[in-house]
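Have a look at the structure first, then read on.

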Amino acid sequence: MALNDESLQELKAELLDELAKEVPSKSVLSLRLAETRSADIGEVLEEMIEDDEELPAALALLDILSAERAANVLGYLPGESQLEVVGELNDSQVLKLLEEMGSDERADLFNLLSEDRREALLRRMAHREREDLKRLASYEEGTAGAIMTSDYVSIASGMTVSQAMMRVRQTAPDAETVYQLYILDSDGQLIGTMSLRQLMVARPGAIVDDIMIKDVISTRVDNAQEDVARIVAKYDLLALPVIDAEDRMVGIVTHDDAMDVAESEATEDFHKGMSIGQLEDGVSRVPLWSLYRKRVFWLVLLVFANLFSGAGIAYFEETIAAQVALVFFLPLLIGSGGNAGAQAATLMVRGMATGDVGVKDWGKLLGRELLVAGSLGITMAIAVTPIGIMRGGEALAMVVAFSMVTIVLFGSLLGMCLPFVLERFKVDPATASAPLVTTLIDASGVVIYFSIATLLLS
């Protein structure tokens, strides 16, 4: 069963206690590790690797595992931890791990290594493995090619079902998945696909070309990884074939890798939504300087943007002096506008990220937002009117009510439109973050509020 945090800590303590003995028992350690899933071992080793004093213990545990299991565990570690491990191993040990890793994980680790280490490892690889690794490592980060694996089961066009079954048996041990099979012509072009179930129930003498699915969903090798994840999720695929410019099949993106991409993209958008730069690692592991650097730029920029709010207040000093009660409602009004704008921006950014809305939908969405934001503004105005009457009479209540409707309407429309404007200028819509939207609405809300007050109370 899956281990919770408490169980993982108990496992870690148990392993460290055994390793601390004068003569650790490899049989005890091997048995304990054999009972534990690779993902859980990886989590325990990650904690050990972060502590320099426990790094030797982590390496000792990896050494106990078989090369295949050690490579599997290594794949669950973040890149920084993988580098820590590889840095302590010689080229022969690293080469053995690389040979056992999946082709996509192998390429990711290879790209993390220094140029000298890469060259040293490539010289010791077999020609076929070397060329495959160089090809996978050459694809641009963030594309389908960068997350695909070349470990898939392909069947030659013209094979019979019995021949195809033999091919599956031969290639299954090294394949990432055997549940989806791909039929290629003599040029390596993808012409069809079929499930393992289809193959198993088909007549042994049937030709695979006659029973395969010809309408294949695929993606280009240079397509963005978020588009790949969206396709996999939309069509509920076990794996998505990847083809090059000549329609030759070069790999597959499995469902689990696509979901990792979706999680990564959602995290990145969430960080951008709060004006935080992309973190290289988890928030608990990223260096303090990096955490500071990723947050400081927008915060400082927005400090100066807030000066416009102060300038607006200064401009309406006479109105404020004549009606001091106006100040009581200022935070309430601009806060409400900022909240409404942040909600609208979040809905649009997420809708654009999932493909639910696009620039072409702007006109329709603008009309819908006008109705929704107007209704919200009126509701909030009704709620705050009694407080306005209590604080300054009917005239002040009218100013607050009109201002609430106007500011909420303006804030919502600004929050809705800003992602589309950024998209039009090829800027990530997620940059239309809550802090940016609220800062813009703060400054404009001050002007709107005191302009209405000056007009109605004069």
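Let's start with Tyr292, which has its place in helix H17 (residues 288-305); helices (H or I, at least four residues) and strands (E, at least two) are DSSP runs, numbered from the N terminus. Keep in mind that this is a predicted model, where local features need pLDDT of at least 70, side-chain atom pairs count only at pLDDT 80 or more, and totals for chains, interfaces and linings use all residues. Residues are numbered from 1 along each chain as its sequence is written, and side-chain values use heavy atoms, with hydrogens and water left out.

**Tyr292**
- Tyr292 counts as partly exposed, because its relative accessibility is 49%; buried means under 20% relative accessible area, exposed over 50%, and partly exposed in between (1.4 Å probe, protein chains only).
- Tyr292 and Phe316 are 24 residues apart along the chain, and 37 Å separates their C-alpha atoms.

**Aromatic pairs**
- Rings of Phe, Tyr and Trp (its six-membered ring) pair if their centres lie within 6.5 Å; planes under 30 degrees apart count as stacked, over 60 as edge-to-face and the rest as tilted.
- The count by this rule is five aromatic pairs.
- Tyr152 and Tyr182 make an edge-to-face pair, at 6.2 Å centre to centre with 85° between the planes.
- Tyr152 sits in the loop between helix H11 (144-147) and strand E1 (154-156), and Tyr182 in strand E2 (residues 180-184), so their pair ties together parts that are 30 residues apart in sequence.
- Tyr152 is buried at 17% relative accessibility, and Tyr182 is buried at 1%.
- Tyr449 and Phe450 make a tilted pair, 5.0 Å centre to centre and 35° between the planes; both residues are buried.
- Tyr449 and Phe450 also belong to one aromatic cluster with Tyr315 and Phe316.

**Charges over rings**
- A charge sits over a ring if NZ of Lys or CZ of Arg is within 6 Å of the ring centre and within 35 degrees of the ring normal.
- Arg118 has its charged end over the ring of Phe110, 5.7 Å from the centre.
- Arg391 does this with the ring of Phe328, at 4.2 Å from the centre.

**The sheet**
- Three strands form an open sheet in the order E1-E2-E3, with mixed pairing; two strands pair if DSSP finds at least two bridges between them.
- E1 and strand E3 (190-195) are at the edges with a single partner strand each, so one side of each has no neighbour in the sheet.
- E1 and E2 pair in the parallel sense over three bridges, and Ile155 has Ile183 in E2 as its bridge partner.
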